[in-house]
Amino acid sequence: MHIPYLKSSDAAFDSLPEHPVACCNWPEAFPAKPKASFRIFHDGENLHIRYRVDEPGTAAATTADNGPVWLDSCVEFFIAPDDAGYYNFELNCIGALLIGYRDTGGKVTHAPVDGLTTVLRHMSLPRLPFKERRTGPWTGTLVIPATALFRHRLKSWNGLSARVNFYKCGDNLSVPHYLSWAPIDWPTPNFHLPQFFADADFE
């Protein structure tokens, strides 16, 4: 994947292709395929990702950051800037965000509060919990500064080579689903498998 450099603006997304999050890796157990896609660019300082989701039922119970957002209607971005580990950015449909880092030994470290607050979120749904219902399409935009990769000392996204994957899930929805952008060859649902991330080059 090539991630272009653009000046930051809402209009910047309009010029970009939509990438589908449509790999249904476990079709026998979890055949549901809600529509999900993303557009992506960076402006040097920040990475911009806009998700668009259209699913039969949407729900959110988690309002606190670093909570179990994956149980709700959730989109995710995982990135490994090197071979030492990877970051997971998990965003539910009302803007609650989890940021974690996993090293190769499996140790998990969550981002500190001051790191979470540097990541901007722009949601089409208000930040209020609600039970599952049909909302129509919803969008969520993440603006991630390079400094949010808190175990590294990145100052810019310019020229970075990394490995990435993007996901859509909803563990506690009436119809659970586990979709990915790059395919995952594993017997059971698991997004924490960096061997299935795909190459990404930042302009």
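Biologist: Strands here are DSSP runs of E, at least two residues long, numbered from the N terminus. With that settled, where is the place of Asn66?

Modeller: Asn66 sits in the loop between strand E6 (58-60) and strand E7. Bear in mind that this is a predicted model.

Biologist: What is the phi of Asn66, roughly?

Modeller: Its phi is positive, about 60°, although Asn66 is not a glycine. Most residues other than glycine have a negative phi.

Biologist: Which residues does Leu98 touch?

Modeller: Asn66 is one of them. Not counting residues up to four places away in sequence, Leu98 also touches Gly67, Val69, Trp70, Asn88, Phe89, Glu90 and His110. Leu98 itself is in strand E9, and it counts as buried because its relative accessibility is 4%.

Biologist: Changing topic. How much space is in the largest pocket?

Modeller: About 240 Å³.

Biologist: Which residues lie nearest its centre?

Modeller: Trp70, Glu76, Phe78, Glu90 and His192, out of 17 residues that line the largest pocket. Trp70 and Glu90 are also among the contacts of Leu98.

Biologist: Which strands supply the lining of the largest pocket?

Modeller: At least two residues each come from E7 (74-82), E8 (85-92), E9 (97-103) and E10 (108-110). E9 gives the most, with 3 residues.

Biologist: How do the residues of that lining divide, nonpolar, polar and charged?

Modeller: There are 8 nonpolar, 5 polar and 4 charged residues in the lining of the largest pocket.

Biologist: On to the inside. In the largest nonpolar core, which residues touch the most other members?

Modeller: Phe77, Ile79, Phe89, Ile144 and Phe166, in a core of 43 residues. Elements that give two or more residues to this core include strand E4 (35-42), strand E5 (46-54), strand E13 (138-145), strand E14 (161-169) and strand E16 (198-202), along with E7, E8 and E9. The largest share of this core comes from E5, with 4 residues. Apart from it lies another core, of 15 residues, and Phe78, Cys169, Phe191 and Phe197 are among them.

Biologist: Take Phe166. What is it in contact with?

Modeller: Leaving aside neighbours within four places in sequence, the contacts of Phe166 include Met1, Val21, Phe38, Ile40, Ile49, Tyr51 and Phe77. Glu76, Leu179, Ser180 and Trp181 are in contact with Phe166 as well. Glu76 also came up as one of the residues nearest the centre of the largest pocket.

Biologist: Ile49 is on that list. What place does Ile49 have, and why does it count as buried?

Modeller: Ile49 is in strand E5. It counts as buried because its relative accessibility is 0%. With neighbours within four places left aside, its contacts include Phe13, Phe38, Phe77, Leu142, Ile144 and Phe166. Phe13 is 36 residues from Ile49 in sequence and 8.8 Å from it in space, C-alpha to C-alpha.

Biologist: Now Ala80. What does it touch?

Modeller: Gly85, Tyr86, Ala162, Arg163 and Phe197, not counting residues up to four places away in sequence. Ala80 is in strand E7 and counts as buried, because its relative accessibility is 9%. Ala80 and Ala200 are 120 residues apart in sequence, and 9.8 Å apart C-alpha to C-alpha.

Biologist: How many disulfides?

Modeller: The count is 0. Cys93 is in none, and its nearest cysteine sulfur is that of Cys74, 8.8 Å away.

Biologist: Last one. Where is Leu154 found?

Modeller: In the loop between E13 and E14. Leaving aside neighbours within four places in sequence, Leu154 is in contact with Ala146, Thr147, Leu149 and Leu160. Leu154 and Ile94 are 60 residues apart in sequence and 28 Å apart in space, C-alpha to C-alpha.

Methods:
Residues are numbered from 1 along each chain as its sequence is written. This is a predicted model: local features need pLDDT of at least 70, side-chain atom pairs count only at pLDDT 80 or more; totals for chains, interfaces and linings use all residues. Side-chain values use heavy atoms; hydrogens and water are left out. On a 1 Å grid over the protein atoms alone, a cavity is a set of points where a 1.4 Å probe fits but cannot get out, and a pocket is an open set with protein on both sides within 12 Å along at least five of seven lines; lining residues have an atom within 4 Å of a point. Grid points are joined across faces, edges and corners, and a volume is the space filled by probe spheres set on the points. Ala, Val, Leu, Ile, Met, Phe, Trp, Tyr, Cys and Pro count as nonpolar, Asp, Glu, Lys and Arg as charged, and the others, Gly among them, as polar. A nonpolar core is a set of buried Ala, Val, Leu, Ile, Met, Phe, Trp, Tyr and Cys residues joined through side-chain atoms within 4.5 Å. Buried means under 20% relative accessible area, exposed over 50%, partly exposed in between (1.4 Å probe, protein chains only). Contact means heavy atoms within 4.5 Å. A disulfide is a pair of cysteine sulfur atoms within 2.5 Å.
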